Structures are given as structure tokens and as C-alpha cells.
Amino acid sequence: MDPGEEDAPGPSGASRVEVRVRPRAGRVEFVRATLALEFPGGGEYPLERGPALALEAVQGLGDERTAEALRVLAAAAEDYRGLPQLLVLVAALEEFLDAENRPHGACPLCMEPFAAPARPCVRLSGCYHAY
């Protein structure tokens, strides 16, 4: 978690928490996102139905991988329904970002899509192309 977490009352007394999440690995970061959780007002945490989940300030994932990240988070929230979830959700997003920490799109040199090598290689370039 980074500094900059925010806990502020939202509409109708709801509390909103934002946590900037990055891959745990100490390599180049191609992806990152802010996990936004909104807890309805008037209830005790943890809630039986859980917080509303959103990903904001997403970088490097694209629409399909962002949707997949939200599915992973929703599944984790369901597994921990009625229990404290904040750290579980941050850990789930960190794990997802670790696995997806690669460039998205096509290589500007060869115009082929980025992908991890399917076979052993002598050299793996910075753009994930195997030689």
C-alpha cells in the first residue's frame, strides 16, 4: 500500500477507501491500479454484503484485463463475505498485478503482440520477445 490512502465519508454517510496497488516484484512496473472500496453508511464493518468495488487510475491493463481483475476481486470478496476484507482484496489485486505485469499491445519494432515465450529462449528482450 502506498501513502495516499483515503478514508472519507461519501454520499449518505458511506465511507470510501482508496489504496494504490502496484506489483510486488521489484522489476519494471507495466501495470498499476487504485482499488476503491465504498462501505455503505449506518452499518458495522465488516458488512454481510461487502463493499462496492471499483478500479480507478488503471494503467497498463486494458479493458479485458481490468474486467478480469474485477472478477478476481469480486470472487475474493464473496469468499470473505461477512469478514474483514480490505487486506485480502489488496493482496488479491497485488497477486493479479504481479501475474499481469507485462506490456499490453504490440511491439513498436516488429508489430507483433506482446506475449511470454512459449518455449525456452537464449535471450528474452525487454518487450518479451524471445530470441
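**Close-up views of a predicted model**

**View 1. Glu18 and its polar partner.** A polar contact of 3.0 Å joins the side chain of Glu18 to the side chain of Arg16. The model is predicted. Glu18 sits in strand β2. Its relative accessible area is 19%. Glu18 therefore counts as buried, since the cut-off is under 20%.

**View 2. Glu100, in the segment after α2.** Helix α2 covers 86–99, and Glu100 is placed in the segment after it. Is Glu100 buried or exposed? Glu100 is buried, with a relative accessible area of 16%. The side chain of Glu100 makes a polar contact with the side chain of Arg65, at 3.1 Å. Neighbours within four places in sequence aside, Glu100 is in contact with Val31, Leu61 and Arg65.

**View 3. The largest nonpolar core.** This core holds 20 residues. Val21, Leu35, Leu55, Leu73, Leu89, Leu93 and Leu97 touch the most other members. Helix α2 gives the most, with 6 residues. In soluble globular proteins, nonpolar side chains tend to be buried together.

**View 4. The surroundings of Leu73.** Which residues does Leu73 touch, not counting residues up to four places away in sequence? They are Leu35, Leu53, Leu55, Leu89, Ala92 and Leu93. Leu73 is also one of the core residues that touch the most other members.

**View 5. Helix α1 against helix α2.** Two packed helices are described by the angle between their axes and the distance between the axes. Here α1 and α2 pack at an angle of about 145°. Their axes are 9 Å apart. The crossing of α1 past α2 is right-handed. From α1, the residues in contact are Arg65, Glu68, Ala69, Val72, Leu73, Ala76 and Ala77. They meet Val88, Leu89, Ala92, Leu93 and Phe96 in α2. By class, this contact has 10 nonpolar residues, no polar residues and 2 charged residues.

**View 6. Phe30 and Gly60.** Phe30 lies in the loop between β2 and β3. Phe30 is partly exposed, with a relative accessible area of 29%. In sequence, Phe30 and Gly60 are 30 residues apart. In space, they are 5.7 Å apart, C-alpha to C-alpha.

Technical notes:
Residues numbered from 1 in each chain as written. Predicted model: local features only at pLDDT ≥ 70, side-chain atom pairs only at ≥ 80, totals over all residues. Heavy atoms only, no water. Helix = DSSP H or I, 4+ residues; strand = E, 2+ residues; numbered from the N terminus. Buried < 20%, exposed > 50% of the residue type's maximum accessible area, 1.4 Å probe, protein only. Polar contact = N/O pair within 3.5 Å; in protein donor to acceptor, adjacent residues only side chain to side chain. Contact = heavy atoms within 4.5 Å. Core = buried A, V, L, I, M, F, W, Y, C linked by side-chain atoms within 4.5 Å. Axes fitted to C-alpha atoms, helices over the stretch in contact; angles between N-to-C directions. Left-handed = near helix turned anticlockwise from the far one by under 90°. Nonpolar A, V, L, I, M, F, W, Y, C, P; charged D, E, K, R; others polar.
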